[in-house]
Amino acid sequence: MAALRARASAWWAGSILGRHLLVALLGLVVVVVVLESSSDFRNLQLASMAYLGIAAGGLTVLTGLNGQISLGHGALMAIGAYTTALLLDDREASTPLPLVVLAAVVVTLLVGIAVGAAAARLHGPYLAGATLALAVAVPGIALYFKEQLGGEQGLRVVLPDIPAWVLDLAFFVTGQDLTRSRYVAYLAWVTLVITFVLLANLSRSRVGRRWRAVRDDEVAAELAGVHLGRARVSAFVVSAAAAGAAGAMMAVTVRLAAPSGFTLTLSLTLLSAVVLGGLGSLAGALIGAALLTFLPQVVTDLGVDAGLSDIRAAELAPLVYGVVMVLVILLAPAGIVGTVRTALVKRRLRRSAVAQTGGAATTDPTSPATPATDPATDPATTTSKGSTT
Amino acid sequence: MRRRLHRPTTLVAAATVGVLLLGACGAGGRDDDGGGGDGGDGGGGATAPGVTEDSIKIGAHFPLTGVAAPGYNEIPTGAKAYFDYVNAQGGVHGRQIEYVVRDDGYNPTNTSSVTNELVLEEEIFAMVGGLGTPTHSAVVDFLNDEGVPDFFVSSGSLQWGDDPSAYPYTFGWQPDYEIEGKIIGQYVAENMPDAKVGLFLQDDDFGDDAEKGVRQFLDDQVVAAERYTSGNTDVGPQIASLQAAGADLVLSFNTPSYTALSQLVALKLGYEPQWFYTNVGSDADLVGSLLSRFSEGAVEGGSSSLDGVMTTEYIPGVDQPDDPWVQLWQKVWDGHGEKGKLTNYRVYGMSHAYAFVQALQAAGEDLTRDGIVEAMEEIGADLEGPQLAPFRYSSDSHLGISGMRVVEIRNGAGEDLTPVLVTDIGDAEIVEDDSGQDGDAPPENGVPEAP
């Protein structure tokens, strides 16, 4: 038994991919349980949470790991969404969904290369400005090419019929018929899990280490042989690809790709999801996405229950959202995940200190407290880095 | 490093147990699906969703916050006041109407999510008066797929009613933009044959449908057609090129904000054509207040700011306090409204609420979703109400009010330039209305009966 345990732990410590896959599998099981036990409406809400989560996950890699800020991720989502809408224009559309999502990712990725190449030359506020321009310009493209992209009213997205084998599989596993909303939610969450596994692996690999090196000290990174431009562009491209997948899922969930869905507000929403959850952490991105999805509805319902008029209750949501944002920045500047992680590390340190005085453990007290192995814990230093150099 | 060894082992063990446990649950689910699952699904067959013995739940999406909110957020307050008024008189067939409004901020993504909430979570019987062309476009397929009656969309786009086979559950309400364009076009062709006509159009269905109507009569007279994108507040270039083209009559199909913006830009440029605004963009009170806000007080607002401007009218508004319908709305608002005074937007909300109550009456005691749609197709053209011209509802058309009259604004009130003119989309002729809708009055108690 002890040998088995030792072997399992060795595997856990040694195989990053295996560890991520295991967590992903667990995540999938949780997803199935949650989706099967919730109503159609909750399923669609969870689908919204998933697409926000995918985009926020991409952004958190870019901002948290590579120190680049992007105000243009809403526009990248728009590119993914419009690609999806163009491929799924009627029920007979023959392209299988996985291919549609892949196409959305590839198109966004190509745009990401172009934008990333320009972005790699910019820092801090200039980068924010350039990506801001992207966020403002892309919805304009849809208005300009009205014939092809539907103008202000956008393009409808028609979800093809659920393939029979999916229906059979769903019935076999869960014993319930698969509704359309649940199907959409599964699509979004499976995409999320795949994206997160890829992002997590990438950030623990050599590529991820380079990104962090560039974030922490450009000069040192360059001296160590890291090509700054390449590292920046690759981070942007990966992040854009995630935004493309998110856009595809958004199009499928909302059933529409219209310019008014991809305003600057969406880009800022993504950024605030990342900041709320904790910069650089995928779990944080997911928590941020959950807050943004559920908070407005919960607050509005509370307002209505408290006897406010519809208009007042609707106005309550942005207010509470703003207050939560201010509180998180004030009380937990490292975001929710960052703060929890710091607290855990502190506790562990204290414990090991106690253990050490007892003379039992030989732990190196500095090892658990190396935030550099994972995500930045202080958004301020990360984002201001560019502007100070 | 050794200290961390224990945690992962526990985790792996827990994970394995968890997966096995859940796997077992899944298998268990498959066994009893024959009994439990079907019973749950088939339970709701007898009564329509959202309808009980003594209540009907309906919903709507409106921009309650954001840039589109001023004016439009008053529509649901009017509708709610009227539903409360009907409820106070015993409801419809003994059922109280519960009206749930959700904010979409005029963003189609939000419209989609609040409509999901209304249909799947609140389980509304019908959508009544959902506002906006781009916003409602996002949900019209979903509502029709789910079989939810989608009544009286607050938008004049043709897509709500010109093809009932595509959207059998959706009904328009206000006159569509094409017939408004036709009526305005014919009026100008007959009364101002020498005018050089400029068009100022919103760049979506609104402007496109209207232009189609106008050009049926004025194709030779149009010297320029300029478009603006909703959301872009700089209309200087468009107005300047209308001026450069020498247009001395500008037909504008735009929202109220753009009425104010176009007026301000024209003042700045010293451009003084005759203005002719669509009904949508001509609420004198709102435009007046927007004018003084946009110009930071430089232009005096107030309801007289649009004096001399021509527009159209299809329901009586607050500028006609002697109209029996407006008197009813005033009574309803005083008794059941919120704070604030009666406005044209609230009248608009009450007017479509009135039509919906009538539809409920016509659908009878055994209310079903398909039943109310059938009833509308059957008797919809005979509905009473404040509208000046009858509805066009039938099994071939779900378009709303069939006509309007041309008026000129004097001291904030409309002065009739034509009698009520009715027509339909396409080549349909424009004729004077003889249905008597214009002169009717509401029933004594203010609650309609089935026609």
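Residues count from 1 along each chain as written, while chains are lettered from A, and ligands numbered from 1, in the order written. Because the model is predicted, local features need pLDDT of at least 70 and side-chain atom pairs pLDDT 80 or more, but totals for chains, interfaces and linings use all residues.

**View 1. Chain A as a whole.** Chain A holds 17 helices and 2 strands (DSSP runs numbered from the N terminus: H or I of at least four residues for helices, E of at least two for strands). With a radius of gyration of 22 Å, close to the 21 Å the globule rule gives for 389 residues, chain A is as compact as a globular protein of that length (the radius is over C-alpha atoms, and the rule is 2.2 Å times the number of residues to the power 0.38). Its C-alpha trace spans about 70 × 55 × 50 Å along the principal axes.

**View 2. Inside chain A.** Buried residues make up 46% of the 389 in chain A (buried: 20 or more other C-beta atoms within 10 Å of a residue's own; exposed: 12 or fewer; partly exposed: in between; C-beta atoms are placed from the backbone).

**View 3. Helix H1 of chain A.** H1(A) lies largely in the open, because the number buried among its 13 residues is 1.

**View 4. Leu360(B) in its helix.** Look for Leu360(B) in helix H13 of chain B, residues 344-363. Leu360(B) counts as buried because it has 24 C-beta neighbours inside 10 Å. Ile56(B) is 304 residues away along the chain, yet the two C-alpha atoms are separated by 9.8 Å.
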